[in-house]
Amino acid sequence: MGRGRNTIHHKNLGSENREKNFILSSVTLLCIIALFVSVTIAPAMASDWRDFKSNKIPYTIGEPDLVVTETVSFNGGSFTVNYSVTNIGTALASASTTCKYVDGELMGSQQCPVLNPGESCNGFFGLEPCPCGSTLNVTICADNNSVVNESDETNNCEVNIIECPTISDDTRADCINVDIRADGIAGNIFDVSGYSICPGTVTEDGITINNETAMGALVIYCQNNCINIHITTGTWGEYVVQIGSDPADNNSWSYAVNEVRPPVGGADKVISDGDRVHWYNYNLQYYSVLSALNKTAIYVGETLTATVTWKNITGIHLLNGANVYVGAMGDWGPETGTIVGTTGVDGTCTFSWSTVGTWGVYAVDPVHGSGQYNYPYVTFTCSLKKPDLVVNKTVSFNDSTFTVNYTVTNIGAALANASTTCKYVDGVLMEHQACPALDPGESYNGSFDPEPCPCGSTLNVTVCADNDKVVNESDETNNCEVNIIKCYIEVAISADGIAGNIISVSDYMICPGTVTEDGVTVDNETALGAVVAYCQDNGINVQIVISGLHGAYLVQIGDDDANLYSWMYAVNEVSPPVGGSEKVIVDGDRVHWYNYHLNYYAVLATLNKTAIYVGENLTAKVTWKNLTGTYKLTGSDVFVSDLEYVSGDYVGTTNDDGNCTFQWSTLGTWYVYAVDPVHGSGINNYPPASFTCSAEKKPDLIVEKKWEMWVGDIAERRYNVSYVILNNGTAIAPSGHTTTLYVDGVAVEHKSIPVDLEPGDNYTDTFDTVIACTGNYDTIMVCADTDGVVDELNETNNCLENVWPPHCPAEIAVYRAEVPNADGILNVLRTQRDDNLREEYVNRYYENGPELAKVIGRDSALTNEAARLLSKYSPMLSQDTHRIDVDTYITESDVKEILSFIGRFKESILNNRDGISAEDSTEVLIEFLDEFEKQVGASEGKTFSEALHDSIYYRNEQMPGHDEKEGYSYAPL
């Protein structure tokens, strides 16, 4: 059995604690009422809150007065407290007790003899653990049992907040050793091997991050070695601004772990013992597939040679077998291009080109990935041997005006003399600007003045280079670029929910400007703005919110609850790497919003088997889905990795059927993904496709699931245990093997499995024993094949263990945030639960408690917000509990504050769904919070008692009686 937390019960920590511990009953766990009642009391009551009782006695002549001083010394991973108790009063102090508390828990007591005025008693408390990097509250209290009648009863205790020092590697087995290196543009800043990182957190620039991450390790090393380090938080989370003091490195940092660039920020990348963490100025181009050309300009039919390299800390390496592509240049570098060859052993590929223009070159290596999005871009020009001026322009809108930005480029093979560039609107010359002489390949950028663009109108906007025909060019027909611009854009908008299509419209007109929904304003000409504008114009329910981390995002289209918090989008069948409010759309775009469970626009790999033996074949089928259907992808490369979402080894390419068959011979669990040259990579798909490879055909019995359910009245704390046995192996598990239930290490029941289990089959049953939970919690373990009669592939994975009942999320939030007087806050809420809550809601909260706890445990901001609200409102709840000022009403601002918190809770559930164990738990938790949200919304304008009695959670029984004392009423113990 586990033990509960001890609450401090001495007078010197304040009269409020003492009175609350007298008033409130001691209960074990917090349930759903902790959320409901802790956040539905009016903030206006805070100004009226006061201590239940204050017993401060003025100092008088002829009384003792005991005070304490303390010092803390460290020894390895422990600390010792030395103290002195002194009688500063004017009369003899009788013998008393001195106690030590660590984080509110009584850890030791010692006797103090009789002390005359001015006399002291010295002592020390022995070693206490001081975990590496932790912070502890160490309190020493004289006269802990209040046996001395003193002139001042409030000064008996001294509190010391201590920081536990980092200790040596050989004394802490839970520390990890990593290599850390940083390279700036001017050279190496530091390079250290085997640097010790202990569990915990580190704070820099007001941002707290986990020690055992790529960023945490960097910050710790810099802080400990007086190296300048600066981090901040942006749209994509925490990032490194500067290491060292070289201005050339500012805002230029990237990182890799074990020579791989992770697809997450450094504060999110967890590191392990032996990892190599490398931070570097991204201009150094580590770990990138780089292409370099021997020429930047050719004439039609000439050849170029591309050299492809990859760089790590040992040097630059030539890549053999990398495919080289040539593509047109787009806004973000080379577009997906045409393969022109493959590098040889010297890392080079020579090819010819005959199309006039400017072209981008990049390479794709089967091991190190693609260099398509490298910056700066690698380009060349192909031209005739004359100058040739062309113009490219873009049009930007600002409400009712447009501005033309242009680029004049000499794509020819000779110098172009100075010329004039002109802008025409509907054939009328509006403005002209001078263009300097341009060498082959050189460009000149300019911008014309804004012009009116009335909403709904269509204009012919033409920009012409060499308007006066003073340059003799190889092509005199390509000087002008014409745009028929509409002072609006027409886009196609569709929306597909889990139950079917909601919106399908083509050529919908969007004018420049903004649209506001749910208090959030977004640009009309974005993917989010377009769908909001359409829904508002057509009476379709739409909801959006602002997330501090991710900006504006879509919560709902339509009324189907199955679509809540499940929306993604694509523009022209591509899922952009930005939020919908940031994705600018242009005329003719196709904007598609869809429930992410529909798997649109994802390169999906599915396997014909999930378990094989050494040397067997698997077939991966690779598909891609759009609005017209699901399509087999030919020419997609298939990879196998030993970790989820991590680059793996190439095993083959799909054929005309979209299939890739490959052989595998390495034992273990493996993950499969595909990379398609057109539709991109499926490495980050959720859930990932996986298979296991075994040495021989054997069964493998595991406890796939287990769960507990209260039996009878929850107050009786009796429950039973159910389980699912799965054959995760490759052969039949014959019937007759035994499954055993253990409670706190003691076997309480055995059950025989009556059926044969084929590979992949499972068997569900419930133990007959009804267990009485006599302490705060039980440790429950269910084990398959406890009699050892089945010869299995893995004999170490037969058991599944957990603690029941689990700690509830609200309690975790209070303790994790280190809220003062934690038990004082929680006991008020526990009292409300026990007195008022219906049993079915207590049961349901405990069933979902572990998953809610995972969400709170992963989201420090959510944890702190939950603890803040609990701390803010629990005193007011206590007033209601004890019938003080019960006529205060719940206001609109209270409800808004709470519902804002619930929205963040839902968002965190969705962000952490990969860590929630049960497959359907995400949906259950969202429904659970939706119901709670409705109850909170209905509480506005009511007192707390009225809100609780009207809610679905109320037990609907007579409230317990209360005893009156000194003008207050107290709940019976």
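**View 1. The surroundings of Trp279.** Setting aside neighbours within four places in sequence, Trp279 is in contact (heavy atoms within 4.5 Å) with Arg181, Ala182, Asp183, Ala214, Met215, Leu218, Val240, Ile243, Trp253, Ser254, Tyr255 and Gly266. The model is predicted: local features need pLDDT of at least 70, side-chain atom pairs count only at pLDDT 80 or more, and totals for chains, interfaces and linings use all residues. Residues are numbered from 1 along each chain as its sequence is written, and side-chain values use heavy atoms, without hydrogens and water.

**View 2. An open sheet of four strands.** The strand order is β9-β8-β15-β14, with mixed pairing. Strands are DSSP runs of E, at least two residues, and helices are runs of H or I, at least four, numbered from the N terminus. Two strands pair if DSSP finds at least two bridges between them. β9 (187-197) and β14 (253-257) are the edge strands, each pairing on one side only. β14 and β15 (276-281) pair in the antiparallel sense over five bridges. Ser254 has Tyr280 in β15 as its bridge partner.

**View 3. Helix α3 across the sheet strands.** α3 (214-224) lies across β8 (176-184), β9, β14 and β15. α3 runs at about 105° to β9; axes are lines fitted to C-alpha atoms, for helices over the stretch in contact, and angles run from 0 to 180 degrees between N-to-C directions.

**View 4. The largest nonpolar core.** Such a core is a set of buried (under 20% relative accessible area, 1.4 Å probe, protein chains only) Ala, Val, Leu, Ile, Met, Phe, Trp, Tyr and Cys residues, joined through side-chain atoms within 4.5 Å. Among its 31 residues, Phe190, Val240, Ile243 and Trp279 touch the most other members. α3 gives the most to this core, eight residues.

Conventions: Buried means under 20% relative accessible area, exposed over 50%, partly exposed in between (1.4 Å probe, protein chains only).
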